[in-house]
Amino acid sequence: MRLVRKDLEKDNAGQVTLIPEEPEDMWHTYNLLQVGDSLRASTIRKVQTESSTGSVGSNRVRTTLTLCVEAIDFDSQACQLRVKGTNIQENEYVKMGAYHTIELEPNRQFTLAKKQWDSVVLERIEQACDPAWSADVAAVVMQEGLAHVCLVTPSMTLTRAKVEVNIPRKRKGNCSQHDRALERFYEQVVQAIQRHINFEVVKCVLVASPGFVREQFCDYMFQQAVKTDNKLLLENRSKFLQVHSSSGHKYALKEALCDPAVTSRLSDTKAAGEVKALDDFYKMLQHEPDRAFYGLKHVEKANEAMAIDTLLISDELFRHQDVATRARYVKLVDSVRENMGTVRIFSSLHVSGEQLGQLTGVAAILRFPVAELSDQEESSSEED
């Protein structure tokens with residue numbers, strides 16, 4: 001994302017002009033937009049024209065519109081963003097108050113105006129415009145007959161390909177059918193890796209599986225690469241890292257990202273930091289439940305006692321339509337930072353973000369136990 005211009009007033013009202021440069025920037029833009037904002041961007045509108053003879057025709061014209069945002073639709077797989085709203089500025093083709101849908105595109109600038117730019121939104125702009133945040137990881141999560149090729153970006157986990165091949169069982173004295181099917185499966189996974197992983201950007205490719213599947217697959221892949229003189233795979237051999245996972249399903253990626261060998265290799269990526277924070281929370285919940293809280297009310301109480309060491313919060317909560325509810329989450333984030341706590345904003349499109357969403361989307365690791373809160377919890381459960 002490129003920041004072209006930023007005009008903010010003292011009361012934090014104002015506008016910013018941005019140019020999304022990569023598909024992931026659409027996800028950042030989706031998180032910046034709120035119903036009631038003003039969006040100015042170039043768009044195509046179908047207009048009716050009347051000729052001198054009176055015949056009516058229609059043609060498509062490119063024009064710049066300013067909309068008051070009413071609905072936002074984001075397609076996470078295609079990374080497409082459509083914004084619907086009413087026109088609020090004079091335009092020769094579109095009447096005031098008329099509805100229009102703008103499809104925001106990469107490399108085409110837009111201007112977003114808000115009555116109030118809060119700290120969470122401003123931080124997201126900083127992150128989106130910082131090239132250090134674009135460190136990328138790819139992953140192949142597999143088991144016999146099933147593989148998912150994923151891209152783990154700083155903001156989301158995208159499944160780029162799913163490979164499924166029926167593998168017959170080994171028969172006594174005859175393994176040829178099993179071996180042929182396995183070879184066909186491995187070949188399809190190799191093709192998916194070459195098609196969907198950009199080795200110029202990706203720093204590390206995790207190959208995760210139960211048992212010996214990952215070793216057998218990597219042996220096959222590099223043997224074939226030597227036979228066919230596949231320079232792409234041979235030159236990037238050092239980027240492949242084998243780790244254990246319980247299955248070939250996408251959710252097993254979290255286990256792979258938790259592996260110590262992986263976390264040391266990916267120490268500078270946001271994804272690894274999120275996974276570690278969630279893992280620490282679960283460990284704390286198991287061993288010292290008085291120091292691990294989740295749910296907005298409990299976390300707010302812990303914050304009042306200035307007990308929060310690390311706040312884990314999902315970016316989904318900042319897209320809440322109710323302004324007061326959203327402001328409550330922003331206030332919590334600001335307050336934890338003021339009290340020298342760490343705030344980790346999880347992406348709801350990451351596997352770790354999905355897990356946090358199951359815990360209400362907000363959780364906290366505390367510096368010290370907050371006894372009164374635990375007592376309140378027990379007394380309220382007894383009343384229930």
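Buried means under 20% relative accessible area. The model shown in these views is predicted.

**View 1. Strand 16 is largely enclosed by the rest of the structure.**
Strand 16 covers residues 362–366. Five of its five residues are buried, so the strand is largely enclosed. In a regular strand the side chains alternate between the two faces of the sheet. In strand 16, V362, A364 and L366 point one way. A363 and I365 point the other way. Residues of both sets are buried.

**View 2. Strand 13 pairs with strand 16.**
Strand 13 spans residues 292–294. Its pairing with strand 16 is antiparallel and has three bridges. Y294 sits opposite A363 of strand 16. A363 is one of the buried residues of strand 16.

**View 3. Strand 14 also pairs with strand 16.**
Strand 14 runs over residues 308–314. Five bridges link it to strand 16, and the two strands are antiparallel. I308 has L366 of strand 16 as its bridge partner. L366 points the way that V362 and A364 do, and it is buried.

**View 4. T63 is a buried residue in another strand, strand 4.**
Strand 4 takes in residues 56–75, T63 among them. T63 has a relative accessible area of 9%. That value lies under the 20% cut-off, so T63 counts as buried.

**View 5. The T63 side chain meets the N91 side chain.**
The two side chains make a polar contact at 3.0 Å.

Note on methods: Residues are numbered from 1 along each chain as its sequence is written. This is a predicted model: local features need pLDDT of at least 70, side-chain atom pairs count only at pLDDT 80 or more; totals for chains, interfaces and linings use all residues. Side-chain values use heavy atoms; hydrogens and water are left out. Helices (H or I, at least four residues) and strands (E, at least two) are DSSP runs, numbered from the N terminus. Buried means under 20% relative accessible area, exposed over 50%, partly exposed in between (1.4 Å probe, protein chains only). A polar contact is a pair of N or O atoms within 3.5 Å; within protein, one must be able to donate a hydrogen and the other to accept it, and residues adjacent in sequence count only if both atoms are side-chain atoms. Two strands pair if DSSP finds at least two bridges between them.
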